[in-house]
Amino acid sequence: MDTHKKIREHISAFADGASPAADVDLALAALQGDDGRQTWALYHHIGDVLRVDPGPPLSPGFAASLAARLAAEPLPGKRVAASAAAAAAAAAAASTEPVPAGAAPVASA
Amino acid sequence: MRLVGRLVHDQAEAEDVVQETFIKAFRALRHFRGDSAFYTWLYRIGINTAKNFLVTQGRRAPTSTENDVERAEGFDDAESLRDINTPESVLASKQIAYTVNAAMDALPLELRTAIVLREIEGLSYEEISEVMACPIGTVRSRIFRAREVIADKLRPLLDMPGHKRK
């Protein structure tokens, strides 16, 4: 990476408040020059333009559609209970011994 | 949606990805241990879902699309400035917005994701490093490279006399 590019990388990180302590002086020194100040202004300009565009709004049915899909999902906690119960039931079914009534786990989810 | 919308350009497809993100997050809630912030965890699911979607669609980032034009035409921030700005400066603002957004859309996915998370979502480098599962140095480099690409496209416009008068 050439020197100018390295300096611009310092400025980029400094503009985000993410310069390593060792690089802060380098960034500050770079900002004393015209190139450095121009780069600083340009990077901020880019951020300003990007933040202006809010993107398209969500379509009207989005929230209802998502709510319906979420409502159709089993609750995460019950999924655990259900899978444990299913595993236990499978184990019981694989057993040749009769399972006493009431001893087999029953999935209530 | 702002993040996914920048990664998946079609509005309907982006909404599908957002919905899938929330469903996946809901299903995986029991795996969330609180080691990271919930929102960085959710961002990560969103980015991975968008990436998977793009892979299955076999798509590459468009370099210039009708969407860019629509976005540029829909760039309305000049509305409030119209009273004090000249037609030339309003046009310059629109050209700048178009150039920045077109350059953004042409960025490789990793660079685009990094700069969106920083500039639009306002995440710190540390948070971006968590979301993107990469070292902070890589985050710094990706954001810088994204800025460089956009800046290269923007410099000629900013040298325009009309813009300098602004």
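Apart from its neighbours within four places in sequence, T39(A) is in contact with R8(A) and I11(A), where contact means that the C-beta atoms of two residues, placed from the backbone, lie within 7 Å. This is a predicted model, in which local features need pLDDT of at least 70 and side-chain atom pairs count only at pLDDT 80 or more, whereas totals for chains, interfaces and linings use all residues. Residues are numbered from 1 along each chain as its sequence is written, while chains are lettered from A and ligands numbered from 1 in the order in which they are written.

T39(A) has its place in helix α3 of chain A, helices being DSSP runs of H or I with at least four residues, numbered from the N terminus. T39(A) counts as buried because 23 other C-beta atoms lie within 10 Å, the cut-off for buried being 20 or more such atoms within 10 Å of the residue's own. Between the C-alpha atoms of T39(A) and E9(A), which are 30 residues apart along the chain, the separation is 10.0 Å.

Turning to the two chains, 28 residues of chain A are in contact with 33 residues of chain B. On the side of chain A that touches chain B, two or more residues come from each of α1 (3-15), α3 (34-52), α4 (62-72) and α5 (76-94) of chain A, and α3(A) gives the largest share, eight residues.

As for confidence, chain A averages a pLDDT of 77, with 67% of the residues scoring at least 70; pLDDT is the predictor's confidence in each residue, from 0 to 100. Over residues 95-109 of chain A, pLDDT stays under 50. Where pLDDT is low, the predicted coordinates should not be read in detail.

How values were computed
Buried ≥ 20, exposed ≤ 12 C-beta atoms within 10 Å, placed from the backbone.
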